[in-house]
Amino acid sequence: MTPSGFWRSWFLSAGIGVVAALGAGLITSLHAQENKQPISNDGALIISGFSGTSAKSAGFFRSGTDLNQTMIDLDGGSVKVFDLSNTGGAADAQLIKRSPALSVPARKIGQVFGLALDDAEAPNIYAAASSAFGLQLIGKGENDTQRIKTGQPDAAWMPGQFGEGGGPGSIWRIDGRTGQVTLFADISDGDAPNSGPGLGDIAFDADHQQFFVSDFDTGLIHALDISGKMLGRFDHGATGRKAAGLSPVADDGRRADITSSAFDSEDPESWGFTPVERRVWGLAYHEGRLYYAVWSGPEIWSVGITDSGGFADDARRELGLSPEPKPYPVSSIAFDGEGRLYLAQRGEIRSRYDYGTFALPRKSRVLRYVRANDGSWSPEPLEYPIGFPATHQNASGGLTLGPGYKPDGSLDADSCWGTLWVTGDGLRESSRDADRLQRGGPLVVHGAQGLPVALTRADNLPPFKSYYLDYDDRFDDPNVAGHVGDIAAVQHCASATAVAAASEQTSPSSGEQDQGKSTGETPEQDAAATDAGKDKDTALVDQFGNPITPRETEPQLPNAAKPSGEPDTAAQEAPAPPAPAAGAATLPAPFDLSIAVRGGVEACAPTYACPFTLVISNNGPGTYRGPLTIAEEVDTAVADLADWSPRRWSCERRETTFVCTHAALQLRPGESVSLRVDFVPWRVPAARVQNCARLLWQGSTLSARNLLVQESLSRLGFDPGPVDGLAGARTRSAIQAFAAEEGQPSDGQINDALLGRLFGSWGNGDLRSQDDRDCASLPLRRSRGSVAVAPDCGPTDLLLKGRCVSRASLCDGGRQFQASDNSCTCPQAAPLWDPVNGRCTGYAPPQRALRKPLPSTASPSPSATSQDRAQERESGTAVRPEESEDATATTDGEPSAAPDESPPTPGGAQQAPQPKPDPTAIVCPGNQRWDDASKQCKCPPDNPVWDKISNSCIPSAGKSSETELTPSAGEAPKPNLQICSGDRVWSNDEAACICPPERPNWDEAAGRCTI
């Protein structure tokens, strides 16, 4: 048997049963979670760590007799989420006994270290593959597969080293609401994937909606957008060191080769790490710069991030850590709301064959630095006491800041950065304080320590004023080290106030200086307030509160090294526009927005999110300021909106369209903003999920265009009234006056003709509409256990969201099912829903008899009455209420007829009864009709194309046949509505809208098919 055949058969026999069981149980667990609280609520603590081991005859770590048979525990948790919204009391060194709300097994994601959270309402978790917990191999032994220590020709990564379908460069995304795991990205250098050292840290940049990840194999820092696509790279060894005047250090090209005997799982030097001078671990984005930790030194550097999200050419060395007691690398970096810098070290990587030690313990510190008024960092940082053993330097590399706690242990969600959480080894082990500590739980704790951020080493030694949390729920492993990794805390700080470190008073000897506090809730507001403080006379803002003048470039710090010949950008000013000629006026520069839609994965599967990234760019010469709305056309029968990020946007479903709005957006020329939307496909027989997004110019989103026109007319000498974005009567009068001088007719409206006269080639749409719409599609991947075809529903059932639903059970109380938005509504005959009685009902105004009787007249015969009433209607004479055929007043004490019953005529004849609505009828939108054969709303043959704009069926400009719109015999019917725009038609084979054969090309600008 070939090596590949051997491993294929081994993995199948070892794992297929478990994978099938997981696949079968996954859907059940997902449905059970639909109504639960999100995984990553406020107070959630996410920790990465070693998943543990298992063996046929061996226990955990060194308890077995044969280490060659001790493997990674595939079901052990590599990432765990703990709910610490309430600790149960004030911090007193107690162990918080808490089972994880979520444990992501090594089977799915392998061994990971770096963690990051995005800014979704329920933040999604991102975990980076790592060698921080060793690199384990398996090979073919004498009688069976076994673990091996060194490389050999048939060696393979041990199952659980890297996740299913992943590798050393994988980044995994864990849904913050459901806990679903997907492969977010796979980091590589060109065509060469990460060979084994894996990744270091991962950080999220909320300002530009991107991630940064450090690469141990190449030393590069990679930038990814929120869909996981590569945006760019930064090479500290070349670009960073050169900017600081240091000689560059290139990657040495070494790679991990597990097929060579030179590879030793206990010797990290054989794993292919890049040289330490260019090796980067910890990362953090803060106020326009990416801070990163260089292994050599160790040192902290930073590089600017441009307005468009790219790497600037201004790398600089921020500070160097003391090599005492050990020059261990910095694996985590964090900032609080006041700009203080927090660092956590992790001992050098080790990988003992008994799985006992993955990092050297007892000399790893957690430090805090503050920037002084001159821009330099405090030379003597404050240190935090981590754990009780010996040096109180028992960190294992993870660090994060979370909200504070009240005296009763409940979460104080209004105070951000109040608690410092770090990971550590043997945190509660102490012979001196054992008696007191044992009252709060076991002593052997490898996990996390949470302490008030204001209590540094001088104020909390020994660290009794702390909470402790165990990662693996084992308390009999005192000699292990490095089994816990990174940590992240969920907190929403939009309206919170900083506490603890933000308000503490430090002594001059501490090396910290008081920092200016932020004045706004967001960095953008801080920047605006700063500009206003510099020059109150010139700091102009529009009606949305946005500064009109461009934001100044961040000044360089006095001690920052600059590349030779680099201009001082802080001192430069934008060149003034040329002065207008005599009798002319310079109009404001127009904006031009475009949208691009990108698919985030190669393929997506049912029950997992299909991510799309919408990139809105300003290609015009002027700044866009105002609300912005995007309409996304996604077939709701194939997928539904699950989540979006960032949460500054608001998204909702409107019938068959999803609308996302940003209340106040500012885009300068050349700037872009990204929106990630996740759609979860239903388990239906569709081939792909398509997202067609367009900029929606209507309502309040027209204010930016109106502002531009009003300002232009004002500069030309016309009076549009207040420049407020509201086109009222004065604006219309100014437009008509301008058009009259141009010799053009005008109705006073802002339209393409007016924009064209004002701005020339820029004056179409927003101001150019050709790039206001874009589409992308993702194929649906069918995996084991997924539904390949739709269920065969009965003749009275409907296929909705992959399930057969009885027509009679769709709606009750006389309501009818609306196919346009999958809702139940009452028919026109009884349009009101009575929730008390649970039925549809009508309403007729009550008619009461007059208090004074009219003069008596002879009662006419029935026939005469009819003739007289006809004459009265012709002459316009009113019919008396008591003679009305529709009167509902009681007669002789008897109740009137019910609204849906026909009242008797004076002659005793009954009117023809009105037909009652069929509760099983399907109401289709527009002029579509329900087709029982295909179980869908369809347009008639003479108008076969559904037009969303007019909400009606229209004739097709191209050839359309009934066979194109009706499923073939024996084929599963397509569910719900399939809607195509332009002259495209639905294709069952492609599960998408396509152009007809005689015009196969789609013209996006014209919105039609072409030859």
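Tutor: Buried means under 20% relative accessible area, exposed over 50%, and partly exposed in between, using a 1.4 Å probe and protein chains only. This is a predicted model, where local features need pLDDT of at least 70, side-chain atom pairs count only at pLDDT 80 or more, and totals for chains, interfaces and linings use all residues. Residues are numbered from 1 along each chain as its sequence is written, and side-chain values use heavy atoms, with hydrogens and water left out.

Student: Rings, then. How many aromatic pairs does the whole structure have?

Tutor: The search finds 30. Rings of Phe, Tyr and Trp (its six-membered ring) pair if their centres lie within 6.5 Å; planes under 30 degrees apart are stacked, over 60 edge-to-face, and the rest tilted.

Student: What is the geometry of Tyr126 and Phe211?

Tutor: Tilted, with centres 4.4 Å apart and 50° between the planes. Tyr126 is in strand β7 (residues 125-129) and Phe211 in strand β16 (residues 210-215), so the pair ties together parts 85 residues apart in sequence. Helices (H or I, at least four residues) and strands (E, at least two) are DSSP runs, numbered from the N terminus.

Student: Are Tyr126 and Phe211 buried or exposed?

Tutor: Both are buried.

Student: And what about Phe388 and Phe464?

Tutor: Their centres are 4.9 Å apart and their planes at 70°, so that pair is edge-to-face. Phe388 lies in the loop between β26 (382-383) and β27 (395-402), and Phe464 in the loop between β32 (447-452) and β33 (467-470), so this pair ties together parts 76 residues apart in sequence. Phe388 and Phe464 are buried.

Student: What lies over the face of Phe464?

Tutor: Arg436 does, at 3.6 Å from the ring centre. The charged end of Lys80 also sits over a ring, that of Tyr471, 4.6 Å from its centre. The rule: NZ of Lys or CZ of Arg within 6 Å of the ring centre and within 35 degrees of the ring normal.

Student: Which residues do ring pairs link into a cluster?

Tutor: Phe50, Phe113, Phe133, Phe216, Trp271, Phe273, Trp281, Trp295, Tyr355 and Phe358.

Student: What covers the buried residues of α6?

Tutor: The cover includes β38 (624-633), α7 (729-742) and α8 (752-759). Contact here means heavy atoms within 4.5 Å. Just after α6, Gly717 takes a positive phi of about 100°.

Student: Which residues of α7 are buried?

Tutor: Thr731, Ala734, Ile735, Phe738 and Ala739. Seen down the axis of α7, they fall within an arc of 135° (taken from the directions from the helix axis to the C-beta atoms), so they line one face of the helix. They pack against α6 and α8. The face turned away from that buried side carries the exposed Ala740 and Glu741.

Student: New topic. Where does Arg278 lie?

Tutor: In the loop between α3 (236-243) and β19 (280-286). At 2% relative accessibility, Arg278 counts as buried.

Student: Which side chain does Arg278 join in a polar contact?

Tutor: That of Asp235, at 2.9 Å. A polar contact is a pair of N or O atoms within 3.5 Å; within protein, one must be able to donate a hydrogen and the other to accept it, and residues adjacent in sequence count only if both atoms are side-chain atoms. A polar atom of the Arg278 side chain also lies 2.8 Å from the backbone oxygen of Val249.

Student: What is phi of His392?

Tutor: Near 60°, a positive value in a residue other than glycine. Asp473 also has a positive phi near 60°. His392 counts as buried at 8% relative accessibility, while Asp473 counts as exposed at 60%.
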